[in-house]
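Please examine the sequence and the structure before reading on.

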Amino acid sequence: MTNIAKDDPAANFVPVQPISIPVMNATIIKRIKERLAECQEKHAFCPRKVPPILPKRVIDVGAGVSDRPVTLHISEPNEKAFYLALSYCWGGPQEITTTSATLETYISSLPADLPGTIKDAILVTRSLGFRYLWVDALCIIQDDDSDKRLK
């Protein structure tokens, strides 16, 4: 097997390749939709087709492919809707996070220069037919300890 990371001494001992999946591949989106349907219809312990209560804040990606800006949505008490969540390793400090200073701006529009991981998550969320996405870096006010403790 050929290692891609030839300059990495550990690469000779780890016979795996980096994962690279084209996010917006129609076949992959179709398979994800099939797996979600299978989960909801056949798995006894998976969530049913009842929308959960939204977290305090979620990213509103719009319905379908949208030209409107992606915004931070402040949920109403007991507001229900289906949403996706992105869980990933930040890899260090992030340039774009929600803080007390950025909250009002993000309610109108999130920055266009979001990290690629979040941009991909937004595209996938739309492609799967969901309107909301939860990402900790943007849905939790990062300079507010009490907000970090909320669910």
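## Arg57 and its surroundings

In this predicted model, Arg57 is in contact (heavy atoms within 4.5 Å) with residues beyond its neighbours within four places in sequence, including Leu72, His73, Trp134, Cys139 and Asp147. Arg57 belongs to strand E1, where a strand is a DSSP run of E of at least two residues, numbered from the N terminus.

With a relative accessible area of 4%, Arg57 is buried, a term that means under 20% relative accessible area (1.4 Å probe, protein chains only). A polar atom of the Arg57 side chain lies 3.3 Å from the backbone oxygen of Cys139.

## The sheet

Strands of a sheet pair through backbone hydrogen bonds, either parallel or antiparallel. Here four strands form an open sheet in the order E2-E1-E4-E3, with mixed pairing; two strands pair if DSSP finds at least two bridges between them. Strand E2 (71-74) and strand E3 (83-86) each have a single partner strand, so one side of each lacks a neighbour in the sheet.

Strand E1 (residues 57-60) pairs with strand E4 (residues 132-135) in the antiparallel sense over two bridges. Ile59 stands opposite Leu133 in E4.

## Confidence and conventions

The pLDDT, the predictor's confidence in each residue from 0 to 100, averages 85 over the protein chain, and 85% of the residues score at least 70.

Residues are numbered from 1 along each chain as its sequence is written, and side-chain values use heavy atoms, without hydrogens and water. Local features need pLDDT of at least 70 and side-chain atom pairs count only at pLDDT 80 or more, whereas totals for chains, interfaces and linings use all residues.

Terms used. Buried < 20%, exposed > 50% of the residue type's maximum accessible area, 1.4 Å probe, protein only. Polar contact = N/O pair within 3.5 Å; in protein donor to acceptor, adjacent residues only side chain to side chain.
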